[in-house]
Amino acid sequence: MVRLNEVRENEIAVAPPDASDAGLVFIGRIHTPWTSRLECPRQGRQDGPTCEIEIFEPWVPALDGVEAFERLEVLYWLDRSRRDLVHQSPASDGTTRGTFALRSPVRPNPIGTSLVRLLGRDGARLKVRGLDCLDGTPLIDLKPDRCLFTPIAPPQPGDFQTGD
Ligand code: SAM
């Protein structure tokens with residue numbers, strides 16, 4: 001169920017410590033069709049709408065070579081999330097799980113990741129499919145899909161996470 005910043009039954013919020021500066025810089029912005037969490041998908045789909053990743057200067061040259069990859073891992077900052085819940089109730093039914101057992105956008109450092117299909121590059125902009133974030137979401141990093149570099153290992157217990 002979509003969260004709009006309320007604390008639900010049995011959820012636990014804490015007072016987070018002051019931020020320590022990791023020196024993070026936003027390297028771009030993500031353009032998607034979604035302006036509300038009520039309409040945004042929970043996870044991106046490879047057959048989802050085409051979205052654009054805009055890279056800011058001075059990072060545009062860092063895109064060189066990216067066209068060679070069919071899939072990219074995208075890391076982004078879920079900037080409109082609350083950050084203080086340690087137990088959450090995704091189904092809003094009174095049952096809760098720890099934040100680190102969920103892919104919820106509500107987390108102390110609200111980093112989201114998606115594996116996207118690269119459709120093309122136009123200068124500082126990449127066209128991709130497979131995103132699940134709001135329009136204007138800040139971009140943290142882009143990496144080629146790791147499967148292209150490392151052999152695919154058989155699935156291990158705990159590889160697959162459920163819930164969000
Ligand atoms: N695929 C990422 C992951 O697994 O790390 C994100 C999954 S998270 C469940 C996706 C949800 O986060 C969306 O459905 C939307 O409700 C919410 N969301 C998307 N963009 C956001 C933003 N910029 N700030 C806060 N919440 C956002």
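Glu52 is buried, with a relative accessible area of 19%. Buried means under 20% relative accessible area, exposed means over 50%, and partly exposed lies in between, using a 1.4 Å probe and protein chains only. The accessible areas come from the Shrake-Rupley method with a 1.4 Å probe, and for residues only the protein chains shown count as cover.

Before I continue, please note that this is a predicted model, in which local features need pLDDT of at least 70 and side-chain atom pairs count only at pLDDT 80 or more, while totals for chains, interfaces and linings use all residues. Residues are numbered from 1 along each chain as its sequence is written, and side-chain values use heavy atoms, with hydrogens and water left out.

Which residues does Glu52 meet in salt bridges? A salt bridge is a side-chain nitrogen of Lys or Arg within 4 Å of a carboxyl oxygen of Asp or Glu. One partner of Glu52 is Arg125, with the closest N and O atoms 2.4 Å apart. Glu52 lies in strand E3 (residues 50-55) and Arg125 in strand E8 (residues 125-129), so this pair ties together parts that are 73 residues apart in sequence. Strands (E, at least two residues) and helices (H or I, at least four) are DSSP runs, numbered from the N terminus.

Another partner of Glu52 is Lys127, at 2.6 Å from N to O. This pair also links distant parts of the chain, 75 residues apart, with Lys127 in strand E8 and Glu52 in strand E3. Lys127 is partly exposed, at 39% relative accessible area, and Arg125 is partly exposed as well, at 32%.

Arg125 also forms a salt bridge with Glu54, where the closest N and O atoms are 3.8 Å apart. Shared partners join Arg29, Glu52, Glu54, Arg125 and Lys127 into one network. Glu54 counts as buried, at 16% relative accessibility. Across the whole structure, the search finds 12 salt bridges.

I turn now to the ligand. How many residues surround the ligand? There are 20, and the closest are Pro41, Asp79, Arg80, Arg103 and Asp132; a residue is near a molecule or strand if one of its heavy atoms lies within 4 Å of it. Strand E7 (residues 111-122) gives the largest share of this shell, three residues.

Nitrogen atoms of the ligand come to 2.9 Å from a polar backbone atom of Arg80, 2.9 Å from one of Thr113, and 3.0 Å from one of Leu134. The protein covers 96% of the 600 Å² of accessible area that the ligand has on its own.

Terms used
A polar contact is a pair of N or O atoms within 3.5 Å; within protein, one must be able to donate a hydrogen and the other to accept it, and residues adjacent in sequence count only if both atoms are side-chain atoms.
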